[in-house]
Amino acid sequence: AIAIKNSAKSLVSQAKYDDAIRVYESAYYALRPTGKDRAHSDFKKCLLLQAELFNNLSFCYGNLERYPESIEYAKRVLFVDGENTKALYRLAVGYKNMGNFMAAYDEIKKAKDIFKRQNPEKPLDGKIHELYASLREICKPDLEKRKMEEKAVYSKMLGTSNPSSPTVKNGGSQQEQKSALSYKVVRYGLALGPIIILTVIGYNVVKQRTIRAVK
């Protein structure tokens, strides 16, 4: 499988992507690890080689502008190696070219974060940086909308207003403060009402017993 794979290098360098795809597919069929091979000492190496072949197929299909196939092979890589930045990059490229910009942004952001974590001493890969910057600009309105939706969900979970809201931070308007105060009065009134009623009832019971005892 390795020998077959290496024979495709010259085809890729000549931009003969259709021919390269056939070679990479032949390498995969020569390899084809299955669950029965798990006990083999080279099983892990086979899986990594399979991921490399899928990455190359994703690259070739992407260059042929056959983005659904490119995306599919990138996903197969990530099934084996979930932190493969090349596959994440190609997945993002595929989504972008199909007009799914937010999905593309999510994948390239993952690639950026993983690359920085894996290579803390190195500058961010140029291709990843360029695509990330481009998609962040394209998706800016949608990212703002997503942020607001997340804040709304956060507020509902806590049952409070958004802590970062300027209205809350500054104490709110006079009308809002009055509404909040009225709400508290009603809430505490409802809570204290039963206690007051029980206290009055208890007092009356004790009073009646005391009167009887005196008589």
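User: What do the numbering and the values rest on?
Analyst: Residues are numbered from 1 along each chain as its sequence is written, and side-chain values use heavy atoms, with hydrogens and water left out. As the model is predicted, local features need pLDDT of at least 70 and side-chain atom pairs count only at pLDDT 80 or more, while totals for chains, interfaces and linings use all residues.

User: Why is Tyr 61 called buried?
Analyst: Buried means under 20% relative accessible area, exposed over 50%, and partly exposed in between (1.4 Å probe, protein chains only). Tyr 61 has 8%, so Tyr 61 is buried. Other buried residues of H4 include Phe 43, Leu 49 and Phe 54. Among the elements that cover the buried residues of H4 are helix H3 (17-31) and helix H5 (67-80), where to cover is to be in contact (heavy atoms within 4.5 Å).

User: What makes Tyr 61 and Tyr 73 a stacked pair?
Analyst: Rings of Phe, Tyr and Trp (its six-membered ring) pair if their centres lie within 6.5 Å; planes under 30 degrees apart count as stacked, over 60 as edge-to-face and the rest as tilted. Six aromatic pairs are found in the whole structure. In this one the centres are 5.7 Å apart and the planes 5 degrees apart, hence stacked. Tyr 61 is in helix H4 and Tyr 73 in helix H5, twelve residues apart. Tyr 73, at 13% relative accessibility, also counts as buried.

User: Why is the pair of Tyr 105 and Tyr 132 stacked?
Analyst: The centres are 5.8 Å apart and the planes stand at 25 degrees, so this pair is stacked. Tyr 105 is in helix H7 (residues 101-118) and Tyr 132 in helix H8 (residues 126-138), 27 residues apart.

User: Why is Cys 60 called buried, and what is Cys 46 called?
Analyst: At 0% relative accessibility, Cys 60 counts as buried. Cys 46 has 23%, so Cys 46 is partly exposed.

Methods: Helix = DSSP H or I, 4+ residues; strand = E, 2+ residues; numbered from the N terminus.
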